[in-house]
Amino acid sequence: MQMPDLTRLIALAAIWGASFIFMRIASPEIGAVNTAFLRVFFGFVGLALILIAFRNKFDFKGKIRATLALGIINSGIPFFMYCMAARTLPAGYSAILNATTPLMGAFIGFAFFNEKMTPKRWIGAVLGLIGIVFITTTGGWHDTGDVLVGVAACLIATSCYGLAGYLTRRWITNKGGLDPKLVAFGSQIGATVFLMPFFIGSVIENPDIDWFQGKIWLSVICVGFLCTSVAYIIYFKLIETIGALRTLTVTFLIPIFAVIWGYLALSETINEKFIIGSVIVCAAVWLVVSPEKTPAKKILKV
């Protein structure tokens with residue numbers, strides 16, 4: 001891996017690690033729905049400005065419905081789930097659970113898309129579940145029920161990410177492809193439209209929310225522009241230069257930065273059980289995403 005690509009990978013991990021901090025700040029104050037909506041809205045605005053700056057044509061080649069649907073699955077629902085989790089889980093915990101995305105993708109591929117599960121991947125899947133149990137049962141919680149809801153929300157989000165990967169291949173890649181920036185832009189439109197009715201309902205039902213908080217607006221603007229718009233550009237550039245599998249290793253780095261940012265910005269702490277669970281989950285993810293060894297071909301001598 002070249003130094004520019006390594007720099008991009010680390011920068012992407014740092015940015016996406018920070019997204020859990022921003023959601024952790026905003027969600028308890030203005031609610032999960034409002035935080036998720038503002039994230040995708042600012043993400044949509046940011047990507048629109050980027051496309052205009054790059055003078056991209058807004059030609060979806062007949063795939064606008066597919067990109068809108070992907071937006072609901074890959075952004076709308078997951079962002080809302082993570083904002084739900086942010087109300088009860090420290091940022092580092094949500095980040096390490098985010099690393100289960102390849103595990104969920106393996107399960108979904110096996111169950112619905114005829115993907116094979118090798119023994120190594122089954123071992124990884126089982127290890128992943130064990131790691132999640134370690135993280136879920138970590139001590140110091142005031143309300144175990146809230147923790148379980150937060151963990152479940154994170155796993156629903158990673159399941160959506162796993163599903164979206166297969167649907168992107170079926171709806172976009174296998175039908176001639178599309179500029180990744182347009183896929184990202186269209187997906188944010190779909191997520192914004194999907195979450196808007198819930199946002200309007202939330203604002204009407206919760207008139208006591210204090211919207212005049214500088215730290216809240218700073219958080220939602222950063223999570224929208226920086227952690228969505230800019231991060232998408234870096235992400236797709238990495239896929240172009242080093243490939244999807246190597247780009248996926250960013251999931252190993254995100255929890256490190258989330259824990260660091262959580263400690264620096266929110267004084268969050270971690271304990272031994274969380275570290276053990278995190279190591280198990282990372283090992284499980286590696287077993288799932290690492291390439292299979294192909295047996296060497298025997299050369300017949302005549």
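Trainee: Where does Thr100 lie?

Mentor: Thr100 is in the loop between helix 4 (91–98) and helix 5 (101–112). Keep in mind that this is a predicted model.

Trainee: Is Thr100 buried or exposed?

Mentor: Thr100 counts as buried, because its relative accessibility is 0% and buried means under 20%.

Trainee: Which residues is Thr100 in contact with, leaving aside neighbours within four places in sequence?

Mentor: On that count, Thr100 is in contact with Ile132, Leu155, Thr158 and Val281.

Trainee: And what does the side chain of Thr100 reach at 2.6 Å?

Mentor: That would be the backbone oxygen of Leu97.

Trainee: Nice. Changing topic: where is Lys61?

Mentor: Lys61 is in a loop too, the one between helix 2 (32–53) and helix 3 (64–86). Lys61 is exposed, because its relative accessible area is 55% and exposed means over 50%.

Trainee: How far apart are Lys61 and Leu178, in sequence and in space?

Mentor: In sequence they are 117 residues apart, while their C-alpha atoms are 7.7 Å apart in space.

Trainee: What about the phi of Lys61?

Mentor: The phi of Lys61 is positive, near 50°, in a residue other than glycine. Arg55 also has a positive phi, of about 55°, although it is not a glycine. Arg55 has its place in the loop between helix 2 and helix 3.

Trainee: Is Arg55 buried or exposed?

Mentor: Arg55 is exposed, with a relative accessible area of 77%.

Trainee: Let's move to the helices. Which helix holds Ser19, and what does Ser19 touch?

Mentor: Ser19 lies in helix 1, which covers residues 3–30. Not counting residues up to four places away in sequence, Ser19 touches Arg39, Val223 and Cys227. Ser19 counts as buried, at 3% relative accessibility.

Trainee: And where does Val126 lie?

Mentor: Val126 is in helix 6, residues 119–136. With a relative accessibility of 48%, Val126 counts as partly exposed. Val126 and Leu103 are 23 residues apart in sequence, and from C-alpha to C-alpha they are 9.5 Å apart in space.

Trainee: Stepping back, how many helices and strands are there in the protein chain?

Mentor: The protein chain has 12 helices and zero strands. Read from the N terminus on, the elements run α-α-α-α-α-α-α-α-α-α-α-α.

Trainee: What radius of gyration does the protein chain have, and what would a compact globule have?

Mentor: The protein chain has 20 Å. A compact globule with 302 residues would have a value near 19 Å, so the two agree. Along the principal axes, the C-alpha atoms fill a box of roughly 85 × 50 × 40 Å.

Trainee: How much of the protein chain is buried?

Mentor: Buried residues make up 49% of the 302 residues. As for the accessible surface, the protein chain has about 15,300 Å², and 68% of that belongs to carbon and sulfur atoms.

Trainee: What share of the contacts joins residues at least 24 apart?

Mentor: The share is 89%, among contacts between residues at least 6 apart in sequence.

Trainee: Last one: how many positive and negative side chains does the protein chain have?

Mentor: There are 24 positive and 14 negative side chains, and the centres of the two sets lie 17 Å apart.

Definitions and conventions
Residues are numbered from 1 along each chain as its sequence is written. This is a predicted model: local features need pLDDT of at least 70, side-chain atom pairs count only at pLDDT 80 or more; totals for chains, interfaces and linings use all residues. Side-chain values use heavy atoms; hydrogens and water are left out. Helices (H or I, at least four residues) and strands (E, at least two) are DSSP runs, numbered from the N terminus. Buried means under 20% relative accessible area, exposed over 50%, partly exposed in between (1.4 Å probe, protein chains only). A polar contact is a pair of N or O atoms within 3.5 Å; within protein, one must be able to donate a hydrogen and the other to accept it, and residues adjacent in sequence count only if both atoms are side-chain atoms. Contact means heavy atoms within 4.5 Å. The radius of gyration is taken over C-alpha atoms; the globule rule is 2.2 Å times the number of residues to the power 0.38. Accessible areas come from the Shrake-Rupley method with a 1.4 Å probe; for residues, only the protein chains shown count as cover. Lys and Arg count as positive and Asp and Glu as negative; His and the chain ends are not counted. The place of a charge is taken as NZ of Lys, CZ of Arg, CG of Asp or CD of Glu.
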